[in-house]
Amino acid sequence: MSPLFHRRSEEEKAAEQAAAKARAEDDERSQERAAGSLAQIEQGHIPLAASERLAQLSQTGAARAPFSSDLAVSEWSALARLGVTPITQVMGSSVYHVGWQPVYYNVPTEVRVLSEAYNESRRLALGRLLEEAEACAADAVVAVRIDQGAHDWAAGAVEFIALGTAVRLPEELRHKGAGALLSDLSGQEFALLCNAGVRPVGIAAHTSVHYIPASPQTQQAQSSFAGAFGGPGGSWANQELVDFSQGVYEAREKAMYFVAEQVRALSGDGVIGVEISQHSRTHAVRRGMYESRDLEVTFHVMGTVIREDPSLTSQAAQRPPLQIVSLR
């Protein structure tokens, strides 16, 4: 009989109905998981799939799963000599919408809307990185790097992506009484610190965005009109734009102040490996008869907080020195 005229049996109808019901149940479960993951993200956590996958790596009775890592060979070997065991790569991400802000200011000031957006986005990204590390029972995340992203579909948003390798530490290196520690030091730097009796205890980071309106002197320096008619200053004369220089210093001091506060909160002795990323942009403004350009400067500061721990030195003395020979 032609398939076009085939009459389905009761068994075939029942099988089709069961398959349709199974598909509907799968779709319902997928929608529930998607809604659950979205709720987790809204609360600052990681999605369900990530937490379930990482939880499997924390099971001590199970066979050790293959690990993934972005550590270089030299980093891995230096950490291995300390008894550090890599578990898996971990990540934290946050895309953050920047709220409304005034376009121009008449006095130098911090653009709090932008500063707070950068700092909250970074906080969420590092928080999710830490949550992934703790989900797989890691003691630390080493070689943490933070990339700042941007998207055409979200022109008014900022994004931070934190990446690193989750590891288990030997007993003497564990950060007792606290969660997993974060460090942006390389594997070699982490090992060198521990061998020197210095313990990494966390990451300190802050962003400060400052707006500096052009002063009358700077307006004249930027204006071709003043120089063409012999006005004071003028764009033809070499001169420092002192208000802009001062604004850059203020942005840096604000960022370093909050980094120092984070060091104190972690009971650290200082911060090392400090990376400072600075970028500026100008805004065209007309004040009176002058057209000038105001300055907006952004400072990103991040480093690893450290604390002296002489007990680590005795452990380092028990390990033979490592020799690395280049094969090139």
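Asp-139 is buried, at a relative accessible area of 18% (buried means under 20% relative accessible area, exposed over 50%, and partly exposed in between, with a 1.4 Å probe and protein chains only). The model is predicted, so local features need pLDDT of at least 70 and side-chain atom pairs count only at pLDDT 80 or more, while totals for chains, interfaces and linings use all residues. Residues are numbered from 1 along each chain as its sequence is written, and side-chain values use heavy atoms, with hydrogens and water left out.

The side chain of Asp-139 forms a salt bridge with that of Arg-174, at 3.3 Å from N to O (a salt bridge is a side-chain nitrogen of Lys or Arg within 4 Å of a carboxyl oxygen of Asp or Glu). Asp-139 lies in the loop between H4 and S3, and Arg-174 in the loop between strand S4 (154-168) and S5, so the pair ties together parts that are 35 residues apart in sequence. Helices (H or I, at least four residues) and strands (E, at least two) are DSSP runs, numbered from the N terminus. Arg-174 is partly exposed, with 32% relative accessibility. Arg-174 also meets Glu-171 in a salt bridge, at 3.0 Å from N to O, and Glu-171 is partly exposed at 47%.

Another salt bridge joins Asp-70 to Arg-145, with the closest N and O atoms 3.1 Å apart. This pair links distant parts of the chain: Asp-70 is in the loop between helix H2 (48-57) and helix H3 (73-81), and Arg-145 is in strand S3 (residues 140-151), 75 residues apart. Asp-70 counts as partly exposed at 29% relative accessibility, and Arg-145 as partly exposed at 38%. Asp-70, Arg-145 and Asp-147 are linked in a network of salt bridges. The count of salt bridges comes to 11.

The largest pocket has a volume of about 480 Å³. On a 1 Å grid over the protein atoms alone, a pocket is an open set of points where a 1.4 Å probe fits, with protein on both sides within 12 Å along at least five of seven lines; lining residues have an atom within 4 Å of a point. The volume is the space filled by probe spheres set on the points.

Of the 22 residues lining the largest pocket, Arg-123, Leu-126, Leu-182, Ile-203 and Gln-262 are the closest to its centre. Helix H4 (112-135), strand S5 (181-182) and strand S6 (198-212) are the elements that give two or more residues to this lining. H4 gives the most, with eight residues.
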